[in-house]
Amino acid sequence: MASSAELHQRRSAAVARGVSSMIPSYVSTAAGGTMTDVDGREWIDFAAGIAVTNVGNAAPKVVAAVQAQVERFTHTCFMIAPYEQYVAVCEELAALTPGDFEKRSALFSSGAEAVENAVKIARHATGRQAVVVFDHAYHGRTNLTMALTAKVMPYKQGFGPFAGEIYRVAMSYPLRDGRSGADAAAYAIGQIEKTVGAVNVAAVLIEPIQGEGGFVVPAEGYLPAIAAWTKAAGAVFIADEIQTGFCRTGSWFACQHEGIEPDLITTAKGIAGGLPLAAVTGRAEIMDSVHPGGLGGTYGGNPIACAAALASIETMRELDLNAAARHIESVAMPRLEALAAKHPSIGEVRGRGAMLAVEVVIPGEDGAAGPAPDAVRTAAVAKAAHELGLLLLTCGTYGNVIRLLPPLIISDDELDRGLSLLEQAFATV
Ligand code: PLZ
């Protein structure tokens, strides 16, 4: 097998520079909560491929379902010759997503594609154009979703012009805005009413816990107030649960923590244990406002990805991965809080379930938007963790958040070892 160093050389001459990798090591195998690189080194996985392998890498049921499906048929295109697996995934989505109303789903291949389609559907259903998004939001890298995404570097720089009729308002960010959920919502709603106008809003699109933007958990009451305003405005409330969905936060969807029933939900990532699948699920009358043929794509709901999704969902139920995510929180949270007590550079520990973060700041330096972010220390901690064999991601508008996204099947021993490596990384820097 070629070494990482050899592969890196080949890569430099063949792979576009714009596609970068967090670590310089190349994967050989990955299973459960660990990965082994081609140089024979084992890594603890606190990344889950960015919240994708919730059921673990190469999860046994997923592997078996994919193998069985790939031998029966690989692709027909659902728009040409339909198949049961697609229908079954849509049935599961209707049952699992919050809201006891008639639902429909459409399947796609990537998260960005799901978000694009949710916006298409909301515009079609309302006959309106404006889409409201939030500070720190991340929704993808395609042209429309770049416009929906907040952060310019690396996602948007030099890639414009961007799509129109997108309006950004304030997100509740307790560490930085000092507002209650109700106050933050009132402020954001004021912005919408004054700068967009309620009658023009097709959709309000929000991540119930922000992912790439910094694992920002809005203050309690913020999401329900925004959802209630959206309903009163006759607009579509879209929850982007692409990163938060499928047991990640200790419930099937993060909206459920505050009892919210979105009109539309976008999902991807964790849905299929690593196979590319995404969905828009929501109220039948909104989804079905679109004419036949108005939605689709060659690969959307590919049968292998659907088989993987059905096996992933079965695994989540069987192993009760919601409980597993809550268990991870109960083990990791006290360790992170103890770490914060030791290191004044940790300004906050937050998150829910197996979506946990520490925000790194410069102690004693407070500005208008809260404690000064320390992106340099954050990058150094991540690098130290990588050198110790821990796959660890950062995020945040200010690049100063370290996030924990372990696969939900991670063993207590692996979790303990990973947390120890994180503690060691902080101690080294
Ligand atoms: N919505 C909430 O988290 C993907 C992106 C990583 P795709 N997040 C990881 C990167 O740097 O590209 C994401 C998300 C939320 C939408 C998306 C987009 O999903 O499957 O990457 O298109």
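Select helix H11 in this predicted model and colour its buried residues: Pro303, Ile304, Ala305, Cys306, Ala307, Ala308, Ala309, Ala311, Ser312, Ile313, Thr315 and Met316. They make up 12 of the 16 residues of H11, a helix that is mostly covered. To see what covers them, display helix H3 (60-72), helix H4 (84-96), strand E4 (103-108) and helix H12 (321-342), against which the buried residues of H11 pack.

At the start of the helix, show asparagine 302: one of its side-chain oxygens comes to within 2.9 Å of the backbone nitrogen of isoleucine 304. Beyond H11, go to aspartate 320, which follows the helix and has a positive phi, near 45°.

Turn now to the aromatic residues. The whole structure contains eight aromatic pairs. Select phenylalanine 246 and tryptophan 252: their ring centres are 6.4 Å apart and their planes stand at 90°, so this pair is edge-to-face. Phenylalanine 246 counts as buried because its relative accessibility is 0%; tryptophan 252 is buried, and phenylalanine 253 is buried with a relative accessible area of 0%. Elsewhere, select Phe73, Phe78, Tyr83 and Tyr86, which form one aromatic cluster.

Finish with two arginines. The charged end of arginine 41 sits over the ring of tryptophan 43, 4.9 Å from its centre. That of arginine 179 sits over the ring of tyrosine 187, 4.0 Å from the ring centre.

Note on methods
Residues numbered from 1 in each chain as written. Predicted model: local features only at pLDDT ≥ 70, side-chain atom pairs only at ≥ 80, totals over all residues. Heavy atoms only, no water. Buried < 20%, exposed > 50% of the residue type's maximum accessible area, 1.4 Å probe, protein only. Helix = DSSP H or I, 4+ residues; strand = E, 2+ residues; numbered from the N terminus. Contact = heavy atoms within 4.5 Å. Polar contact = N/O pair within 3.5 Å; in protein donor to acceptor, adjacent residues only side chain to side chain. Phe/Tyr/Trp six-rings, centres within 6.5 Å; stacked < 30°, edge-to-face > 60°. Lys NZ or Arg CZ within 6 Å of the ring centre and 35° of its normal.
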